[in-house]
Amino acid sequence: MKLIPNFSFRARLTLLIIGLLAFLLLIQGFVFYQDTEKLLLDETASNVRARAKPIIEGWVHKKIFRKCVRNEKVNGNSCLSYIALALAENLTSKNAVAQIFDCNGHLLANGKTLPEEPEAAKIIPRYAQSALRGQNEVTYFAHRGNIPFLVVLIPLRLPQKEEQIVGVAQISVTLKSLQQKLKRHGIFLAFVALVTLSSGILLVLLIVSSFFQDLKQIAETCRGIAEGNLNLQFPHADRQDEIGQLIQAFNVMIKQIGEILDSQKRFVANAAHELRSPITALKGSLDILLRGVRDDPVASSRILTGMHREVERLKSLCDRLLDLSRLEGIVTPQKTSVDLQEFFREFFPQLQMIARERCLKLLTGPGVSVMMDSNMLREMLFNLVMNAVQHTESDGKISIGWRLVSEPEGVQFIVEDNGEGISSHDLPKIFEPFYRGHKKEFEGKNSGAGLGLSIVKAITVIHNGSINVRSVLNVGTKISIIIPFE
Ligand SMILES: Nc1ncnc2c1ncn2[C@@H]1O[C@H](COP(=O)(O)OP(=O)(O)O)[C@@H](O)[C@H]1O
Ligand SMILES: [Mg+2]
């Protein structure tokens, strides 16, 4: 069974806040009311005592009282009963009535003489015993009919022998007027609570409404984006609160998703474009063959050689595309500990072959091992050296080497050439798939499809590394790759 009905989140939040506010106000009002009541009662009790004390003091010092104490009995009656009435009447007023009890708890005198004076509350023996045992501050509540009383008990002590208690004075104060005061106070508190609650509700509704209004707009923007409009931006990005931070994060995310989608579209368009030229060339050749050139063996052989070249180009392009897509997604590197000195001893001669007459230098680094997929390392360095060769004059200088770095701790591979360099226009784009700079190439025209550096980047990323390119036009290019130790 569902305990909470299916209200909207907004309604639930509003109800929760208002409920909490009402609960807190109730608790606060209750505690405040209790405190005030206690304060007023304490004050009433101490007022009664303060008023009664001098009257009792004066009374116990009277001659007749001293006589009583000496003789114990006057005219056969208890000494106290003889004089208690005077004391009780003295202690009685419009709101308070006094009764005097002897040391056995028997009533000796009642101070009520006038009809407007209240009836005394009944004495409770338990409290009377406490007062007779010498406890000074005995105070309790009692009812007579509907009228509540505060009852104050004051022990009557002999003037010289303080510890000897001869009786107890009971003063019952009606709390009618105090109750009225408290009622007024309670009404005032309830009024304040009501005003606070209503303004609280108003404020909560305002805040919650504006909050949910913003959320609604965010949801609408999300729907728009889901329909494919990636140019939409979430509103209220200038908010300085958590919602503002969320919106800013959303906007950054949408921008990045847009960029990724754009680059994917570019990738597909570029791939189609790259595949189209060899296929068009192949189709042209096939058309010629079909038109009957087959009978001319020389022409056929020339056309077939051309077709073979185009198929080779197509195959190499497809291989590289496959390499790139595997590197960017499915493939996990087969990392082994590669001893760099040994690796270069074996690999450097192959690089020298592609450098041809250029001066290719190996700057041997320290004898360290790095955790890498050795085939990928080969592919990465091969691409870099190939680029250096393609963009350097035939008498150019190329160097390849490695060294240790500290931040992050790892190995830095460096390939440097003194070739044509890369323009600042091309520099930010050279890692994009199919991007080729606009400069001449010195070796193997049309040899690349602009995928070499994309593959280098993918290999670096797969090894948690980073690439840095420094290049000056007509001076040279230095590409360094840091692969951190794991
Ligand atoms: N060493 C280099 N010197 C000058 N330009 C370079 C060098 N390496 C890369 N480039 C530029 O970066 C572009 C992208 O390189 P790459 O991805 O390997 O593609 P490709 O070699 O197929 O053109 C190249 O077309 C070239 O303009
Ligand atoms: Mg290349």
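In what order do the five strands of the open sheet lie? The order is 4-3-7-6-5, with antiparallel pairing. Here, strands pair if DSSP finds at least two bridges between them. Strands (E, at least two residues) and helices (H or I, at least four) are DSSP runs, numbered from the N terminus.

This is a predicted model, in which local features need pLDDT of at least 70, side-chain atom pairs count only at pLDDT 80 or more, and totals for chains, interfaces and linings use all residues. Residues are numbered from 1 along each chain as its sequence is written, while chains are lettered from A and ligands numbered from 1 in the order in which they are written.

Select 107-110, strand 4, and 138-144, strand 5. These are the edge strands, and each pairs on one side only.

Find H143: its bridge partner in strand 6 is P148.

**The helices**

Now show helix 1, residues 9-60. Helix 1 lies across strand 3 (96-102), strand 5, strand 6 and strand 7 (165-174). It runs at about 35° to strand 6. Angles run from 0 to 180 degrees between N-to-C directions, with axes fitted to C-alpha atoms, for helices over the stretch in contact. Contact means C-beta atoms, placed from the backbone, within 7 Å.

**The ligand**

Select ligand 1. It is surrounded by 23 residues, each with its C-beta atom, placed from the backbone, within 6 Å. The closest are N387, G437, G448, G452 and L453. Color helix 9 (374-390) and helix 10 (452-462): each supplies at least two residues of the shell.

Definitions and conventions:
Two residues are in contact if their C-beta atoms, placed from the backbone, lie within 7 Å.
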